[in-house]
Amino acid sequence: MSLTSYKTNYCGNIRENNIGETQMLSGWVANVRDLGGIIFVELRDRMGVFQAVADPQINPEVHKVFSKLKDEYVVRIQGKITKRPDDTYNPNLATGSVEMYPEKVEILNESQVLPFQLDDGDNVNEDVRLKYRYLDIRRKPVLDNLVLRHKVVSAIREFLNGENFLEVETPILVKATPEGARDYLVPSRVHPNKFYALPQSPQIFKQLLMVGGIERYYQIAKCFRDEDLRSDRQPEFTQVDLEMSFVEQEDVINLMENLIQKAFQAGGIEVNPPFERITYKEAMDRFGSDRPDTRFGLELFDVSDVMEKSSFAAFSDVIKNGGIAKALKIPNIASYSRKEMDDVRNLAISFGAKGLAWITYCEDGTIKSPILKYLSEEEISEIQNRANAQKGDIVFFIADEPKVAYDVFGRLRLHFGDKLNLIDKTKHNFLWVTDFPMFEYSKEDERWSSVHHPFTMPNPEDLNKMKVDKGACRSIAYDIVYNGVELGGGSVRIHSSQIQKEVFEALGLTNEQIQTKFGFMLDAFKYGTPPHAGIALGLDRLIAMMARTESIRDVIAFPKNSQAKCLMSDAPSFADEIQLRELRLQLKQVHTHH
């Protein structure tokens, strides 16, 4: 390791085998303790802390400088490494058995009093930490996350390089495509009134690289989405993006499982492929979610056939109109009070349910329920069998359109998994969800849209359904789910310009719109496009989960806050008149009502 004229070693790397050597160390003063004349200073750099001691009897000059030191001063010291006396040995520090009485010391820079104490960082308001993020990074937890991120990215690169992938950079200034989330627009000075967009993903370019014969591409790619704010969304994020030619779904899944194993190894976590696989339909039926957390049970079951025949009109009518009835058994909560049951019902309603019914299996063997009077003996016992309900259990019911029923119970399931401590936090459960629907209908927009994106290959068996029954058309798409969080999604892509055009038409695009937005892509497909497939993993989310932190902000060096602002640099900011004039832009006063 070659070091610099400021240091011959890192503070945190000094050990007993360095005793007797003269070393030069530079870093930040982590703390100063003056014990009646003798001054102890902990010097910190990226690798850790090291203790230096100044004794006025031994070296009055060094002692004089030490007496001026304050927290976070930047200092250089030089001297012999010595063994600490046994009574001052610190077993909590890697450098706890060594120290230095410097012969030389130099203050390289002073520091004002910090706006917050670094060792108290966890109790400091996050906005304060984000405003002074450069200080926050000096804290070990933040530094450790950035080190973890570096190690994982290095492992991913090394793995993909070994699998014959080429790392290729795709453009950041691209064409706006109003599909999916909102684009960030960038005005062009050279082409007045025209705008670039920042890419939401390198999707089209990576497919064109396959047309170009690259065969295996990857990129640690920056992506941008001007999305509505949620606590854990970042307007810019990073994904591990890859694409392969001459492959099928199976090839991508096998490669990804090996990549994930290597990435997690770099983070000190052992995971063992092959991972479990379930279809989208099975995931929804069993868990009410297309990204199920499989670390605990509480699976949904269907009671549509029972409820349709029952005299409970609130349910049977819904089912006759194409809805479904789902049920969820929660163990050992039969003793819930009236208020606790109201809370569960209100929670379900806040998730979108119109109401919630239940049957309570009391400890004394009796059964209580507001809906029992609508059910025959036979229906009651059929429900008990399907639920495998025991004394102490409550079975909840919902009847609604499938989307709502699944969503409500998917969320209720997670609520109880958390509340009843059913989730085994030591597990690392990976799961592939396959066979996603190709299209979904949006009631608000009154149109069909792509579930993944419009370049996803429809299942060949369902090609004929694209015109007649879009809702039943499956795609060859696959998501990787880790402990109930979608880490990434991918698909086999369309490589025929004919099928691609049919998909655009199924989405309601006119010939003119297709030509304007995607003409260059359809043209490219006419020149010998190989079958290809790919996937993208959310890197920030992956690292946050490895670091066991709730927020992706904790693993990004300079994140935005939940209002998409950078508190440190105060971006976004107003542009000045000259810039606006050059861009031929005029601002209008917009009155917003808060």
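**Cysteines and salt bridges in a predicted model**

Student: How many disulfides are there?
Tutor: The count comes to zero disulfides. Keep in mind that this is a predicted model.

Student: Where does Cys11 sit, buried or exposed?
Tutor: Cys11 is buried, and its relative accessible area is 0%.

Student: And Cys473, buried or exposed?
Tutor: Cys473 counts as buried, at 1% relative accessibility.

Student: Changing topic. How many salt bridges does a search of the whole structure find?
Tutor: The search gives 42 salt bridges.

Student: Which side chain does Arg553 meet in a salt bridge?
Tutor: Arg553 pairs with Glu126, with an N to O distance of 3.0 Å. Arg553 lies in the loop between α16 (539-546) and α17 (577-582), while Glu126 is in helix α2 (residues 126-131), so the pair ties together parts that are 427 residues apart in sequence.

Student: Is Arg553 buried or exposed?
Tutor: Arg553 is buried, with a relative accessible area of 9%.

Student: What about Glu126?
Tutor: Glu126 is partly exposed, at a relative accessible area of 24%.

Student: OK, another pair. What does Asp228 form a salt bridge with?
Tutor: The partner is Arg182, and the closest N and O atoms of the two are 3.5 Å apart. This pair links distant parts of the chain, 46 residues apart. Asp228 is in the loop between β10 (216-224) and β11 (236-245), and Arg182 is in the loop between β7 (166-167) and β8 (185-187).

Student: Are those two buried or exposed?
Tutor: Asp228 is exposed, with a relative accessible area of 56%. Arg182 also counts as exposed, at 51% relative accessibility.

Student: What is the partner of Asp302?
Tutor: Asp302 forms a salt bridge with Lys326, and their closest N and O atoms are 3.7 Å apart.

Student: Where do Asp302 and Lys326 lie?
Tutor: Asp302 is in strand β13 (residues 300-302) and Lys326 is in strand β14 (residues 324-330). The two parts that this pair ties together are 24 residues apart in sequence.

Student: And how accessible are they?
Tutor: Asp302 is partly exposed, with a relative accessible area of 31%. Lys326 counts as buried, at 2% relative accessibility.

Student: Last one. Which residues do salt bridges that share partners join into one network?
Tutor: That network holds Asp122, Arg129, Arg133, Asp136 and Arg139.

How values were computed:
Residues numbered from 1 in each chain as written. Predicted model: local features only at pLDDT ≥ 70, side-chain atom pairs only at ≥ 80, totals over all residues. Heavy atoms only, no water. Disulfide = S-S within 2.5 Å. Buried < 20%, exposed > 50% of the residue type's maximum accessible area, 1.4 Å probe, protein only. Salt bridge = Lys/Arg side-chain N within 4 Å of Asp/Glu carboxyl O. Helix = DSSP H or I, 4+ residues; strand = E, 2+ residues; numbered from the N terminus.
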